[in-house]
Every structure is written in structure tokens, then in C-alpha cells.
Amino acid sequence: MTDDSKFCTGCGRGLEPGMQFCPQCGRVVSGSETEEEYRQKASEMREILAESRLNWVIFALAIYAIPTTIAGMLLLADAGAMADTIWSNTDFQNWVISHDYNITVDSVKNYITIVASLCLASGVCALVSMACVLKRRMWKVAVIACAAASVLCCWSLFGVFIGFLMTWFVFSLKDMFSS
Ligand SMILES: [Zn+2]
């Protein structure tokens with residue numbers, strides 16, 4: 001007899017046809033319906049898990065991308081007025097004078113413009129990544145956009161850390177993307 005399903009792969013006990021478990025050691029008989037079912041259930045579970053991780057990634061990207069993009073746009077549009085407001089603040093004036101900083105209203109505006117641009121660029125990259133994950137297309141673009149969003153988030157070290165964590169998550173889900 002060469003058919004290995006007639007013997008338990010665990011303990012070697014002879015098995016009757018149709019047995020799904022070895023009566024001696026309890027091992028699932030290979031090729032039995034139970035094993036097939038078990039395999040299918042396990043793969044279904046993995047898929048459900050990956051699906052929920054995918055949704056979580058979309059949610060996390062949206063939570064970051066949408067406010068960051070909007071804030072970046074608003075800051076950029078309002079940089080001049082904002083610089084004026086900060087500049088006219090007496091506490092700010094005193095702070096500049098006490099530290100002997102060489103700051104002008106234009107340098108405040110430039111600073112706001114740079115931060116706003118980084119914000120906007122980072123937000124847009126995160127949006128691109130989110131769109132790819134949402135459509136499950138172009139996982140490489142999703143990973144690169146997510147990494148770019150992280151780097152552009154350089155005004156916050158915490159943001160960079162979370163960003164790269166997200167990038168790794170997106171990468172780990174690449175099998176869920178259609179090629
Ligand atoms: Zn056995």
C-alpha cells in the first residue's frame with residue numbers, strides 16, 4: 001500500500017477509509033474533508049484580517065491626509081495675514097527683542113509658507129496613497145507616496161515615525177492589491 005492517507009502521518013496507525021481524525025493521536029487525516037474545510041476557513045480568516053487591516057490603513061490615511069491638505073491650503077492662502085497677526089503680537093515682539101533674533105515680518109511669512117507647503121505636499125501624498133489603497137491599484141505608488149508623505153512631515157518627528165509605520169503597513173498589504 002503506497003497511499004499514505006491509509007496511515008496516520010502523526011503516529012503511523014492504520015486508518016479506516018473515511019476517517020477524518022486518527023483515533024490514536026487525534027491528528028487530522030490529510031486529504032480528508034475536515035482538513036480541506038480547516039484550510040479554507042484559515043484562508044478565509046486571513047483574508048478577513050487583511051481586509052480589516054486594509055480598511056484601517058485607509059481610515060488612518062484619511063484622518064491624516066484630509067485635515068493636513070486643508071490646513072496646508074488655508075495656511076498658504078493666509079500666510080501674509082497670519083504673519084501680520086503674529087508680528088503685531090507684543091509677546092512675540094518682546095520674544096524677538098529679548099533673544100536678539102534677526103526676524104522680519106517677511107521671514108515670519110516665509111516660515112509659515114514653508115511649513116504650509118510641506119503640510120500641503122505631505123497631505124497630497126497621503127491622499128494619493130489613500131486613493132491607491134482604496135482602489136487596490138499600484139501598491140508601489142501607494143508605498144512611495146506614503147513614504148513621501150512621511151518625509152514631508154519633517155516638522156513633526158512623531159509624524160515621521162507614524163508615517164513610516166503606515167508605509168510599512170501599506171507594504172505589508174501589497175498582496176491585497178490587483179497587479
Ligand atoms: Zn495518529
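A residue is called buried when its relative accessible area is under 20%, exposed when it is over 50% and partly exposed in between, as computed with a 1.4 Å probe on protein chains only. The model is predicted, so that local features are reported only at pLDDT of at least 70 and side-chain atom pairs only at pLDDT 80 or more, whereas totals for chains, interfaces and linings use all residues. Residues are numbered from 1 along each chain as its sequence is written, and side-chain values use heavy atoms, with hydrogens and water left out.

Cysteine 11 and cysteine 22 both lie in the segment before H1, so the pair ties together parts that are eleven residues apart in sequence. Cysteine 22 is buried at a relative accessible area of 3%, whereas cysteine 11, at 34%, is partly exposed.

Helices are DSSP runs of H or I with at least four residues, numbered from the N terminus. The axes of helix H1 (residues 33-77) and helix H6 (residues 157-172) come within 10 Å and cross at roughly 145 degrees, where axes are lines fitted to C-alpha atoms over the stretch in contact and angles run from 0 to 180 degrees between N-to-C directions. Arg53, Trp56, Val57, Ala60 and Leu61 of H1 make the contact with Met166, Trp168, Phe169, Val170 and Ser172 of H6, contact meaning heavy atoms within 4.5 Å.

Serine 122 is located in helix H4 and is buried, with a relative accessibility of 0%. Beyond its neighbours within four places in sequence, serine 122 contacts Tyr64, Ala149, Leu152 and Cys153.

Most residues other than glycine have a negative phi. In the loop between helix H4 (105-135) and helix H5 (139-152), where arginine 136 is placed, this residue has a positive phi near 55 degrees and is partly exposed at 24% relative accessibility. Methionine 138, likewise in the loop between H4 and H5, has a positive phi of about 55 degrees although it is not a glycine.

Notes
Helices (H or I, at least four residues) and strands (E, at least two) are DSSP runs, numbered from the N terminus.
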